[in-house]
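Here is a short briefing on one protein model. Keep the sequence and the 3D view at hand as you read.

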Amino acid sequence: MESEPTRPEPRRVRLDHQQVRVLAHPLRMRLVGALRVNGPSTATRLAELLDTNTGATSYHLRQLAEVGMVVEDPDLGTGRQRYWRAAHEVTQWEASDYDDDPDARAAIEWIEADYIRFFSHHAERWAARRHEWSPAWRDAFGMGDFFMRIPAARLEAIKAEVFALFERHRDETDPDDPDAEMVQLYLAAFPLSTVLPPAEEKP
């Protein structure tokens, strides 16, 4: 019995100081995301998708290419058409990676804030259009939260286990399944004390 072919490991990048400074721009973030989700594309198609102009997408694609975030795909290009693809499937960083570089630290803080803005926009659009989806999908989508008191090392372990679970289900799912949809899963962990200060202890 032949074994099923295994998918290649996703290409990952841990953002260096130069990459994080270049990526901290709203259009560049969207360009990388669009190429990862939709596959290789031209500056013209990306401009149409992101509601901007071809000159802007071409310029920012070149900036991203200079730090290795996107690359040209010569196999798809014809004549003057240049196709671009994301150089990686997964972006990783730790906020403390940039503690020694104020500019890079400011850039990663902007990226994280932009990510939160995108999440909020994404959630609002879902809420406005959820009636268009079947009951099964409306039940499957959604959010939840959980409270626990744990040390930082255990929180890091939880994050690693959850991402491994995401990847396992992605790898075990047939992308051509007619019942499958492209979904985005978020993982967030924040200190509860920022919104609910601990009650003062009684004497």
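In H2, the buried residues are Leu27, Arg28, Met29, Leu31, Val32, Ala34 and Leu35. Bear in mind that this is a predicted model. The points below start with H2, move to the helices it meets, and end with the protein as a whole.

**H2 itself**
- H2 covers residues 26–38, which makes 13 residues.
- From its first C-alpha to its last, H2 reaches 18 Å, close to the 18 Å expected at 1.5 Å a residue.
- An α-helix has 3.6 residues a turn, so residues three or four places apart point the same way.
- Just after H2 comes Gly39, with a positive phi of about 90 degrees.

**H2 against H4**
- Helix H4 spans residues 54–66.
- The axes of H2 and H4 are 10 Å apart, and the two helices pack at an angle of about 80 degrees.
- Angles of 65 to 115 degrees count as roughly perpendicular, and H2 and H4 are therefore roughly perpendicular to each other.
- H2 brings Leu27, Arg28, Leu31, Val32 and Leu35 to this contact.
- H4 brings Ala56, Thr57, Tyr59, His60, Leu61, Gln63 and Leu64.
- By class, the contact of H2 with H4 has 8 nonpolar, 3 polar and 1 charged residues.
- Leu27, Arg28, Leu31, Val32 and Leu35 take part in this contact and are also among the buried residues of H2.

**H2 against H5**
- Helix H5 runs over residues 102–129.
- The axes of H2 and H5 come within 11 Å and cross at roughly 65 degrees.
- H2 and H5 are therefore roughly perpendicular to each other.
- The crossing of H2 past H5 is right-handed.
- On the H2 side, Pro26, Met29 and Arg30 make the contact.
- They meet Trp110, Ile111, Asp114 and Phe118 of H5.
- The residues of the contact of H2 with H5 divide into 5 nonpolar, no polar and 2 charged.

- Gln19 sits in helix H1, which covers residues 17–23.
- Is Gln19 buried or exposed? Its relative accessibility is 8%, so Gln19 counts as buried.
- Beyond its neighbours within four places in sequence, Gln19 is in contact with Val13, Arg14, Val67 and Met69.

**The whole protein**
- The protein has 7 helices and 5 strands.
- Along the sequence, their pattern is β-α-α-β-α-α-β-β-β-α-α-α.
- The C-alpha trace spans about 80 × 50 × 45 Å along its principal axes.
- The protein has 203 residues, and 20% of them count as buried.
- Of the contacts between residues at least 6 apart in sequence, 65% join residues at least 24 apart.

Notes. Residues are numbered from 1 along each chain as its sequence is written. This is a predicted model: local features need pLDDT of at least 70, side-chain atom pairs count only at pLDDT 80 or more; totals for chains, interfaces and linings use all residues. Side-chain values use heavy atoms; hydrogens and water are left out. Helices (H or I, at least four residues) and strands (E, at least two) are DSSP runs, numbered from the N terminus. The expected span of a helix is 1.5 Å times one less than its number of residues. Buried means under 20% relative accessible area, exposed over 50%, partly exposed in between (1.4 Å probe, protein chains only). Axes are lines fitted to C-alpha atoms, for helices over the stretch in contact, and angles run from 0 to 180 degrees between N-to-C directions. Angles under 35 degrees count as roughly parallel, over 145 as roughly antiparallel, 65 to 115 as roughly perpendicular and the rest as oblique. A crossing is left-handed if the near helix is turned anticlockwise from the far one by less than a right angle, and right-handed if clockwise. Contact means heavy atoms within 4.5 Å. Ala, Val, Leu, Ile, Met, Phe, Trp, Tyr, Cys and Pro count as nonpolar, Asp, Glu, Lys and Arg as charged, and the others, Gly among them, as polar.
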